Amino acid sequence: MKVQQSQNVLGGVLRACSTDPETGFYRDGHCRTGPRDAGSHVVCARMTEAFLEYTKRQGNDLMTPRPEMDFPGLEPGDRWCLCAARWREAVEDGVAPPVVLAATSEAALQAVDLETLKAHAIDASSPDDTTPQDP
């Protein structure tokens, strides 16, 4: 199945989120979505211990490997495409992991406003920035 080229939340080309571990609904490293992606995995975030523990308490354990689902298990520092609604929920609860705007799909804007994403961003605000930088 061919996935169309996507834009990031800044209007630029959607950059890869992570290839190690390989993330994305399509496991191609990008936070793209499509008709089968009911969770809308479009927010590229750098995992934190607080968020991993939080989402586990919410019933979504992202730390335990699940090879049968091609899921390696995540550690703090890993980048992963998160469901936009779960990320927004984490914002509301004060445990949102930082996001990479250049690798976050414009589809995220259906669930989260750009200002909230920018407030949690670890990369520059240029739509064509290819090298996200930590503060």
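A: What follows starts with the disulfides and then turns to the neighbouring topics.

The model is predicted, so a word on confidence comes before the details. The mean pLDDT of the chain is 89, and 87% of its residues reach 70 or more. Over residues 126-135, however, the pLDDT is below 50, although this stretch has 23 contacts in the model beyond near neighbours in sequence.

The structure holds two disulfides. In general, a disulfide is a covalent bond between the sulfur atoms of two cysteines. One of them joins Cys-17 to Cys-44, with an S to S distance of 2.1 Å, and with 85° about the S-S bond this link is right-handed. Because Cys-17 lies in the segment before strand S1 (41-46) while Cys-44 lies in strand S1 itself, the pair ties together parts that are 27 residues apart in sequence. Both ends are enclosed: Cys-17 counts as buried at 5% relative accessibility, and Cys-44 is buried with a relative accessible area of 0%.

The other disulfide joins Cys-31 to Cys-81, where the S to S distance is 2.0 Å. The torsion about the S-S bond of Cys-31 and Cys-81 is about -90°, and therefore this disulfide is left-handed. This pair links distant parts of the chain, with Cys-31 in the segment before S1 and Cys-81 in strand S2 (residues 79-83), 50 residues apart. Cys-31 and Cys-81 are both buried. When the bonded cysteines are counted along the chain, the disulfides follow the pattern 1-3, 2-4. A further cysteine, Cys-83, is partly exposed, with a relative accessible area of 22%.

The segment before S1 also holds Ser-18, which counts as buried at 9% relative accessibility. The side chain of Ser-18 reaches the backbone nitrogen of Asp-20 at 3.2 Å, and a polar atom of that side chain lies 2.6 Å from the backbone oxygen of Pro-21. Leaving aside its neighbours within four places in sequence, Ser-18 is in contact with Thr-23, Gly-29 and Arg-79.

H1 is followed by Gly-59, whose phi is positive, near 100°.

The aromatic rings complete the picture, and the count comes to three aromatic pairs. One of them is formed by Phe-25 and Tyr-26, an edge-to-face pair with 5.1 Å centre to centre and 90° between the planes. Of these two residues, Phe-25 counts as partly exposed at 28% relative accessibility, whereas Tyr-26 is buried, with a relative accessible area of 18%. Phe-51 and Tyr-54 both lie in helix H1, three residues apart, which is about one turn of the helix, and both are buried.

How values were computed:
Residues are numbered from 1 along each chain as its sequence is written. This is a predicted model: local features need pLDDT of at least 70, side-chain atom pairs count only at pLDDT 80 or more; totals for chains, interfaces and linings use all residues. Side-chain values use heavy atoms; hydrogens and water are left out. A disulfide is a pair of cysteine sulfur atoms within 2.5 Å. Helices (H or I, at least four residues) and strands (E, at least two) are DSSP runs, numbered from the N terminus. Buried means under 20% relative accessible area, exposed over 50%, partly exposed in between (1.4 Å probe, protein chains only). pLDDT is the predictor's confidence in each residue, from 0 to 100. Contact means heavy atoms within 4.5 Å. A polar contact is a pair of N or O atoms within 3.5 Å; within protein, one must be able to donate a hydrogen and the other to accept it, and residues adjacent in sequence count only if both atoms are side-chain atoms. Rings of Phe, Tyr and Trp (its six-membered ring) pair if their centres lie within 6.5 Å; planes under 30 degrees apart count as stacked, over 60 as edge-to-face and the rest as tilted.
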